[in-house]
Amino acid sequence: MARIKRLSKPRLHREGTTILQWGLLGLLLVNGLLFFLLREVTLIPFYVVLAITLPLYLTAVNFFRCPIRLFNEETENTVVAAADGKIVVIEEVDENEVFHDRRIMVSIFMSVTNVHANWFPVEGVVKKAIHHNGNFHKAWLPKASTENERSTIVIETPAGQEVLVRQVAGAVARRIVTYAQEGDECFIDEHLGFIKFGSRVDVYLPLDTEVLASLGQRTVGNQTIIARLSGKKA
């Protein structure tokens, strides 16, 4: 499959554009109004409100940051981390929604301080892209993978192996955005979606996959290699 390198210029993710614009407007209006009303009395309340609202706004800016990342190693049979965060699960599980067989599940939990863009973990063709309504349990709980609101993306690699990626909403994150659509060619370096605020991404791999990641490991989306596929079609 021909691989096209794309270098995107924006440093902030498009999912945050509206929120950050309205947030900046609110920040300026509230603090500007306080300064105007209190400038001849005392500016202490203005400084207090500014000390609260400015860090909150900068936290939102940090949340929607979108670093430019290009994966410069061999992509064939390579599985990269689909998200920034911490690996909280590596185990064999029964995947009963799509494959109905045993798979190796690698789960990455994202805190509110992590980049929340999600990358394609492998290259290939999107075979399924399904959104499931559900609950909003805490994202690190095992039942979150099957009971929470989630999006399921199945990718078939050039070797014919199928890898499932699941974006899972958490107790705070209630907005999953999925760009992947059935029939799309997908490449490492491309975003498959975005999850607003803390949550998790699960990757289900064939049992003959060589897992290179370890429990508790910190991952960098589109950079950390978490596994190698065997290249053999099941």
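Two strands are said to pair if DSSP finds at least two bridges between them, and strands (E, at least two residues) are themselves DSSP runs, numbered from the N terminus. The model shown is predicted, so that local features need pLDDT of at least 70 and side-chain atom pairs count only at pLDDT 80 or more, while totals for chains, interfaces and linings use all residues. Residues are numbered from 1 along each chain as its sequence is written, and side-chain values use heavy atoms, with hydrogens and water left out.

**View 1. Strand S6 and its surroundings.** Strand S6 covers residues 150-156, and because six of its seven residues are buried (under 20% relative accessible area, with a 1.4 Å probe and protein chains only), this strand is largely enclosed by the rest of the structure.

**View 2. Strands S5 and S6.** Strand S5, made up of residues 124-132, runs antiparallel to S6 and is joined to it by seven bridges. Within this pairing, Ser-151 of S6 has His-131 standing opposite.

**View 3. The hairpin of S6 and S7.** Strand S7 (residues 162-168) is also antiparallel to S6, and seven bridges join the two. Arg-166 in S7 stands opposite Thr-152. Five residues lie between the two strands of this hairpin, and in the turn Gly-160 has a positive phi of about 95 degrees.

**View 4. An open sheet of three strands.** The strands follow the order S1-S14-S12, with antiparallel pairing. S1 (78-80) and S12 (210-211) are the edge strands, each pairing on one side only. Two bridges connect S12 with the antiparallel strand S14 (residues 225-228), where Arg-228 is the bridge partner of Glu-210.

Definitions and conventions. Buried means under 20% relative accessible area, exposed over 50%, partly exposed in between (1.4 Å probe, protein chains only). Helices (H or I, at least four residues) and strands (E, at least two) are DSSP runs, numbered from the N terminus.
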